[in-house]
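Please examine the sequence and the three-dimensional structure shown below before reading further. The report after it describes the chain as a whole and then turns to individual residues.

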Amino acid sequence: DNGVGIAENVVQKIFQPFFTTKPTGQGTGLGLSLSYDIVTKGHGGDLRVEIQPGESTTFFVTLPLE
């Protein structure tokens, strides 16, 4: 994230299907939901997010070796 980070009240919802912070009709809200399912269900990995309110957001993707 190169902005001011994701707000705490939003970060709880970002992996939910169809959740978007964009105005109606300008986003489907499927990107992070699909990414989460691919990483966790498809590959047995983990996708998590850490926020520093007002500073940054960091996403961590962990995949098993096998």
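The following sections proceed from the overall fold to particular side chains.

## Overall organisation

The structure is a predicted model. The protein chain contains two helices and two strands, and from the N terminus these elements follow the order α-α-β-β. Along its principal axes, the C-alpha trace spans about 40 × 30 × 20 Å.

Of the 66 residues in the protein chain, 18% are buried. The chain exposes about 5,000 Å², and carbon and sulfur atoms supply 54% of that area. Among contacts between residues at least 6 apart in sequence, 34% join residues at least 24 apart.

## The nonpolar core

Which residues make up the largest nonpolar core? This core has five residues, namely Val10, Val11, Ile14, Val49 and Ile51. Helix α1 and strand β1 (46-52) each supply at least two residues of the core. In soluble globular proteins, nonpolar side chains tend to be buried together.

One of the core residues is Val10. When neighbours within four places in sequence are left aside, valine 10 is in contact with Phe19 and Thr21.

## Aromatic pairs and a charge over a ring

The whole structure holds two aromatic pairs. One of them joins phenylalanine 15 and tyrosine 36 in a tilted arrangement, with 5.0 Å from centre to centre and 35° between the planes. Phenylalanine 15 lies in the loop between α1 (8-11) and α2, whereas tyrosine 36 belongs to helix α2, so this pair ties together parts that are 21 residues apart in sequence. Tyrosine 36 counts as partly exposed because its relative accessibility is 29%, which falls between the limits of 20% and 50%.

Phenylalanine 15 also forms an edge-to-face pair with phenylalanine 59; here the centres are 6.5 Å apart and the angle between the planes is 80°. This pair links distant parts of the chain, since phenylalanine 59 is in strand β2 (residues 56-62), 44 residues from phenylalanine 15. Phenylalanine 59 has a relative accessible area of 35% and is therefore partly exposed. Through these ring pairs, Phe15, Tyr36 and Phe59 are linked into a cluster. Elsewhere, the charged end of arginine 48 sits over the ring of phenylalanine 60, 4.2 Å from the ring centre.

## Two threonines

Threonine 40 is located in helix α2 (residues 31-42). Is threonine 40 buried or exposed? Its relative accessibility is 19%, and because the limit for a buried residue is under 20%, threonine 40 counts as buried. The side chain of threonine 40 reaches the backbone oxygen of tyrosine 36 at 2.7 Å; tyrosine 36 is the residue that pairs with phenylalanine 15. Apart from neighbours within four places in sequence, threonine 40 is in contact with Gly45, Asp46 and Leu47.

Threonine 20 is found in the loop between α1 and α2. With a relative accessibility of 29%, threonine 20 counts as partly exposed. The side chain of threonine 20 reaches the backbone nitrogen of lysine 22 at 3.1 Å. Setting aside neighbours within four places in sequence, threonine 20 is in contact with Gly27 and Gly29. Threonine 20 and alanine 7 are 13 residues apart along the chain, and their C-alpha atoms are separated by 13 Å.

Conventions: Residues numbered from 1 in each chain as written. Predicted model: local features only at pLDDT ≥ 70, side-chain atom pairs only at ≥ 80, totals over all residues. Heavy atoms only, no water. Helix = DSSP H or I, 4+ residues; strand = E, 2+ residues; numbered from the N terminus. Buried < 20%, exposed > 50% of the residue type's maximum accessible area, 1.4 Å probe, protein only. Polar contact = N/O pair within 3.5 Å; in protein donor to acceptor, adjacent residues only side chain to side chain. Contact = heavy atoms within 4.5 Å. Phe/Tyr/Trp six-rings, centres within 6.5 Å; stacked < 30°, edge-to-face > 60°. Lys NZ or Arg CZ within 6 Å of the ring centre and 35° of its normal. Core = buried A, V, L, I, M, F, W, Y, C linked by side-chain atoms within 4.5 Å. Areas by Shrake-Rupley, 256 points an atom, 1.4 Å probe, with all protein chains shown as cover.
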